[in-house]
Amino acid sequence: MKSEGAPESYHRMLLEKRAGLLAGFGPRFDPSARMEHLAEDDQAQMSHDEFVSLRLNSLDYLQLRLIDEALDRLAAGDYGVCLGCDTRIPPKRLMALPWARYCVACQQEVGVEREQDLIDARPRVTLLRR
């Protein structure tokens, strides 16, 4: 099922969000600080800040990939069509998430499956009894 000509506003929103993400990439902490001159508590805080920064960059890369996929679907004429059930994604959802790949019902199903995958992938902890 092809989208009936996605509005230019979606294209503009995707490009603006993409540009904002690209402008924000890079370290979000001060890598020039010397950890050997910092107190132990400060080193812990700096390590935590670095972890958070790397995690945020990871999320930004994921969102960038979703935006690029949406731009590809726009170019192919398939934008606004759910990848799960092949129905039109409501315009209200696309205005909120212009990179949406699924309608709400399919997204909920994908979310439930991902949550179960995460549960299944967690290492099992075995308690030793004495």
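Reader: How much of the chain counts as buried, and what makes a residue buried?

Author: Of the 130 residues, 25% count as buried; the term means under 20% relative accessible area, with exposed over 50% and partly exposed in between (1.4 Å probe, protein chains only). This is a predicted model, in which local features need pLDDT of at least 70, side-chain atom pairs count only at pLDDT 80 or more, and totals for chains, interfaces and linings use all residues. Residues are numbered from 1 along each chain as its sequence is written, and side-chain values use heavy atoms, with hydrogens and water left out.

Reader: What is the average pLDDT of the chain, and where does pLDDT stay under 50?

Author: The chain averages a pLDDT (the predictor's confidence in each residue, from 0 to 100) of 75, and 55% of the residues score at least 70. Over residues 1-6 pLDDT stays under 50, and there the model has 17 contacts (heavy atoms within 4.5 Å) beyond four places in sequence.

Reader: How many helices and strands are there?

Author: The chain has four helices and zero strands, where helices (H or I, at least four residues) and strands (E, at least two) are DSSP runs, numbered from the N terminus.

Reader: Why are the buried residues of α1 said to line one face?

Author: Y10, L14 and L21 are buried in α1. Seen down the helix axis, the buried residues fall within an arc of 35°, so they line one face; the arc is that of the directions from the helix axis to the C-beta atoms. The face turned away from this buried side carries the exposed residues E8, E16 and A23.

Reader: What makes a set of residues a nonpolar core, and which members of the largest one touch the most others?

Author: A nonpolar core is a set of buried Ala, Val, Leu, Ile, Met, Phe, Trp, Tyr and Cys residues joined through side-chain atoms within 4.5 Å. The largest has 19 residues, of which L14, I67, Y79, C82, L94 and W99 touch the most other members. Two or more residues come from each of α1 (8-24), α2 (40-76) and α4 (104-121), and α2 gives the largest share, six residues. Leaving aside neighbours within four places in sequence, W99 is in contact with L14, K17, Q63, L66, I67, A70 and R73.

Reader: Why is R73 called buried?

Author: R73 has a relative accessible area of 10%, which is under the 20% limit, and therefore R73 is buried. R73 is placed in helix α2. Beyond four places in sequence, its contacts are D78, Y79, L83, W99, A100 and R101. R73 and R101 are 28 residues apart in sequence and 9.6 Å apart in space, C-alpha to C-alpha.
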